[in-house]
Amino acid sequence: MEGAPSPAQFWAKLRYTEERRPENIVAWHPLVAHAADVAAVVEALLQRTLLRKRLARLIGWDDLAEVHVARLAVLAALHDAGKANHGFQDQAFDPRVRSPGHVRPIVEILCADEPARWLEPLKIGEMAGWFVSEEVFYHFLLATWSHHGRLVLPEGDFRAHYWRPNARRDPRAAWRRLAELVRLWFPAAFADGAEPFPADPRLQHAFNGLLTLADWIGSDTRFFPYAEETEDPMFPIERAREGARRALQSLFLDAAGGRQALGDEPVGFRGVIEAGAPYPIQQACYDLPVHPQGSLTILESDTGSGKTEAAVARFLRLYQEGLVDGMYFALPTRSAASQIHRRITEIVARVFPEAHRPPVVLAVPGYLRVDEAEAVRLPDFRVLWDDEALRYRGWAAEHPKRYLAGPIVVGTIDQVLLAGLQVSHAHMRAAALLRHFLVVDEVHASDVYMTTLLERILAFHLAAGGHALLMSATLGSVARVRYATKGGTPPPLDEAEGERYPLLTHVEAGRQRLETVSAASSGREKQVTLRLEPIASDPQAIAERALQHARAGARVLLIRNRVEDCLAVQRALEEAACDDRSLLLSCNGQPVPHHGRYAPEDRRALDAAIEAAFGKNSPKRGIVAACTQTVEQSLDIDADLLITDLCPIDVLLQRIGRLHRHARPRPKGYEQAVCLVLTPAERDLTRTIQPDGGARGPHGLGTVYPDLRVIEATWRVLEGQNLWQIPRDNRRLVERATHPAVLQQIVREKGERWEAHQRHILGQEAADRYVPEITGLHFERPFGAHPFGRDIAPRTRLDEDDYRVELPEPVPGPFGWPVGTLPVASWMVDDELPEEPKARDVTPFDGGFSFVFAGRRFHYDRLGLRLS
């Protein structure tokens with residue numbers, strides 16, 4: 001409606017020319033029209049996506065009947081009924097009015113005297129029979145009205161004057177009209193004899209997420225422009241249904257077009273692999289049985305065996321068979337996500353016809369990327385795309401809370417884990433994820449907290465009939481059994497060592513009927529010679545050793561566990577190289593290390609630089625790159641020689657995956673793969689164990705990698721066998737350094753301090769498993785039974801959070817690109833955090849700049865971010 005509403009007209013949304021004052025209102029959207037918009041989107045999501053079957057599976061049904069779809073749509077139509085209160089409506093007419101909002105006033109009715117009397121105009125009583133009990137109905141009402149991303153509970157603050165008729169309007173009359181309309185819009189909902197919704201709380205949580213997503217879509221004026229008031233009772237819903245249909249198609253939530261474009265012939269690996277036949281392990285992954293009620297697969301295969309392509313091929317099979325609507329591909333780091341996003345974008349472009357090609361969204365905060373296009377963020381939350389079509393393709397990329405609503409999404413594991421934490425819009429994330437084939441790459445067992453969060457999300461996803469794939473170079477038997485059997489007992493050491501490799505572990509969603517399949521991977525065997533070098537604390541010696549090999553023509557990848565050690569070696573390399581800087585990794589003509597403390601723009605440049613120097617088509621020349629864990633995953637790089645700090649054996653195998661990765665000519669003397677493992681000069685780690693059992697050893701031993709039992713076991717494996725056959729030995733190597741029997745034997749041998757350390761590690765693991773009980777969502781409890789904590793800040797990774805610090809305006813960075821944000825590790829700022837992560841006192845200098853944040857000055861140049 002153009003102009004401003006009258007006090008007697010009930011509005012849902014207002015448009016202002018500038019400042020939010022009554023005289024600046026230029027248009028308004030009627031409350032009943034917005035109710036129809038959101039109800040129609042819920043209806044469409046349940047009719048045009050797999051969410052209908054997913055919600056049904058959560059309560060043990062095969063499908064939702066039309067009557068149940070209609071009933072959920074009716075609840076959706078009531079989601080903004082709270083906007084009828086006087087306090088909310090009056091803000092359109094008096095700038096002095098402080099609105100109470102529209103959620104809390106209606107939620108507080110639930111704790112009023114005789115709530116049924118107050119809610120009677122909405123005909124709530126007629127809906128109570130749709131549920132097995134009034135208690136279940138109560139939790140559904142909370143799920144309906146808490147649709148802004150956070151749970152809202154009644155606090156005993158009911159204010160009757162918001163709802164009583166006055167000279168301006170009658171909220172109860174608005175409710176009576178809305179109740180009459182929903183009966184006309186969804187007559188099937190009021191049919192007798194339908195089975196009531198059961199008490200399983202998981203449906204309540206999923207419905208809240210579905211409704212929150214629908215509210216976001218239903219508020220998009222591209223599909224739901226402000227409507228005219230009309231006497232025609234069917235006009236609002238007819239208009240809304242057409243808008244919902246266009247929205248789901250335009251935003252690619254409706255997968256029907258993509259499926260039809262692929263045709264009936266299975267895609268297989270056509271276009272997924274550019275040339276040649278798939279490796280046997282890839283084909284085996286594709287050929288696994290399809291369980292219509294959901295499944296979990298664990299793929300263990302060596303680096304370079306095409307796990308990414310296997311995952312995409314499996315996704316396409318499930319997609320063609322109508323068992324998933326999309327895919328979320330989760331990576332451990334932002335850099336890895338950016339790299340895999342590029343690869344999957346290329347695959348999707350080869351597989352799908354352009355007219356029906358689903359967008360590939362990059363789900364990394366700070367980026368605005370879909371397919372190969374990037375957008376610019378403008379003031380007032382606006383986003384500028386180069387092409388009008390990208391406004392629709394990039395919808396999910398525009399806000400992190402919407403990431404999981406994209407059709408094909410590549411991002412960090414954090415976005416998945418946020419679906420299980422008490423954070424804003426967690427339920428929407430979890431519900432949107434139900435449509436997807438969930439792929440988690442680089443799964444490890446070392447982070448108990450993240451593993452516990454992932455297990456909770458998997459449990460919800462599988463309960464809804466979802467499909468998931470976990471991938472790892474080698475997963476220890478403890479972790480594999482835990483994921484595949486919901487916490488079963490791992491096999492004895494000898495049996496664990498004898499398990500086949502590569503291996504596919506496949507189980508239906510109930511995780512009862514487990515099957516395993518083994519097949520060859522890339523067909524390439526790699527013999528690696530490992531040599532222990534006790535010079536980890538001597539950066540000059542390390543630099544000289546690396547340059548010696550580079551001068552012989554070798555590409556030398558040098559990986560350190562800590563950024564500080566990486567920088568120490570980088571400085572030593574620059575000093576030892578003298579004027580021959582061509583031997584060092586460079587970016588835009590400057591020698592650089594590769595680690596995570598760079599601005600996103602510069603990190604992309606560093607990734608490109610190291611792939612140019614170490615990639616598949618890189619020139620044959622000697623070069624050294626000093627790096628951290630940032631090069632372990634996803635970057636397609638290939639070294640002639642690897643120098644690495646001592647680390648847990650599964651991490652070490654991951655790093656070795658970057659050694660002789662491709663079949664190509666090697667410099668003379670480097671035809672065989674060699675890995676130099678840097679160790680402390682002192683062999684005994686006992687001295688690094690603190691009185692409380694914690695450990696603070698050098699080079700990340702006890703800190704970056706806290707479990708010294710695993711470090712000691714890995715060290716022993718290295719001492720006992722210096723020639724490894726990869727991937728043939730992978731299984732045995734991992735079990736000999738991670739199996740509980742091995743770790744227990746080390747503790748028995750090494751005595752009291754190690755017993756204290758084991759107690760510390762096990763205690764920390766128990767605490768890390770318990771934290772999600774406090775900070776996590778509880779899908780198994782009724783919606784509202786577990787309030788969001790007010791004094792906690794749920795995190796996806798313990799002790800690893802970065803603050804994205806914003807500069808007042810972009811500043812030229814060390815490589816020539818403007819820098820607007822920088823990642824600052826939490827340990828760098830202690831507890832003195834400002835209210836907003838804004839930098840101040842930015843001081844440019846030749847080659848970089850400095851700034852102040854949280855009372856500390858930081859220095860940023862070609863070596864990255866560090867404290868001044």
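What follows is a tour of the cores, a helix pair and some strands.

## Ground rules

This is a predicted model, so local features need pLDDT of at least 70 and side-chain atom pairs count only at pLDDT 80 or more, while totals for chains, interfaces and linings use all residues. Residues are numbered from 1 along each chain as its sequence is written, and side-chain values use heavy atoms, with hydrogens and water left out.

Helices (H or I, at least four residues) and strands (E, at least two) are DSSP runs, numbered from the N terminus.

## Nonpolar cores

A nonpolar core here is a set of buried Ala, Val, Leu, Ile, Met, Phe, Trp, Tyr and Cys residues joined through side-chain atoms within 4.5 Å. Buried means under 20% relative accessible area, exposed over 50%, and partly exposed in between (1.4 Å probe, protein chains only). The largest such core has 143 residues, and those with the most contacts inside it are Leu45, Leu72, Trp175, Phe186, Ile217 and Tyr328. Helix H1 (residues 31-48) supplies the largest share of this core, 12 residues.

Take Leu72 as an example, with contact meaning heavy atoms within 4.5 Å. Leaving aside its neighbours within four places in sequence, Leu72 touches Val42, Leu46, Leu55, Leu64, Phe140, Phe197 and Phe207. There is also a second, separate core of 73 residues, which includes Val631, Leu635, Leu652 and Ile689.

## A helix pair

Helices H13 (residues 280-287) and H14 (residues 307-320) pack with their axes 9 Å apart and at an angle of about 25°. Axes are lines fitted to C-alpha atoms, for helices over the stretch in contact, and angles run from 0 to 180 degrees between N-to-C directions. H13 and H14 are therefore roughly parallel to each other (angles under 35 degrees count as roughly parallel, over 145 as roughly antiparallel, 65 to 115 as roughly perpendicular and the rest as oblique).

Which residues of H13 and H14 meet? Gln282, Cys285, Tyr286 and Asp287 in H13 meet Glu309, Ala310, Ala313, Arg314 and Arg317 in H14.

## An enclosed strand

Is strand S12 (residues 467-472) largely enclosed or open? In S12, 6 of the 6 residues are buried, so the strand is largely enclosed by the rest of the structure. His467, Leu469 and Met471 are buried on one side, and Ala468, Leu470 and Ser472 are buried on the other.

Two strands pair if DSSP finds at least two bridges between them. S12 pairs in the parallel sense with strand S3 (residues 295-300) over 6 bridges, with Thr297 opposite Leu469. Strand S11 (residues 436-440) also pairs with S12 in the parallel sense, over 4 bridges; Val440 has Leu470 as its bridge partner.

## Two open sheets

S15 (residues 526-533) and S22 run antiparallel over 4 bridges, and Gln527 stands opposite Gln725 in S22.

S27 (residues 856-861) pairs with S28 over 4 bridges, and the bridge partner of Tyr860 in S28 is Leu865.
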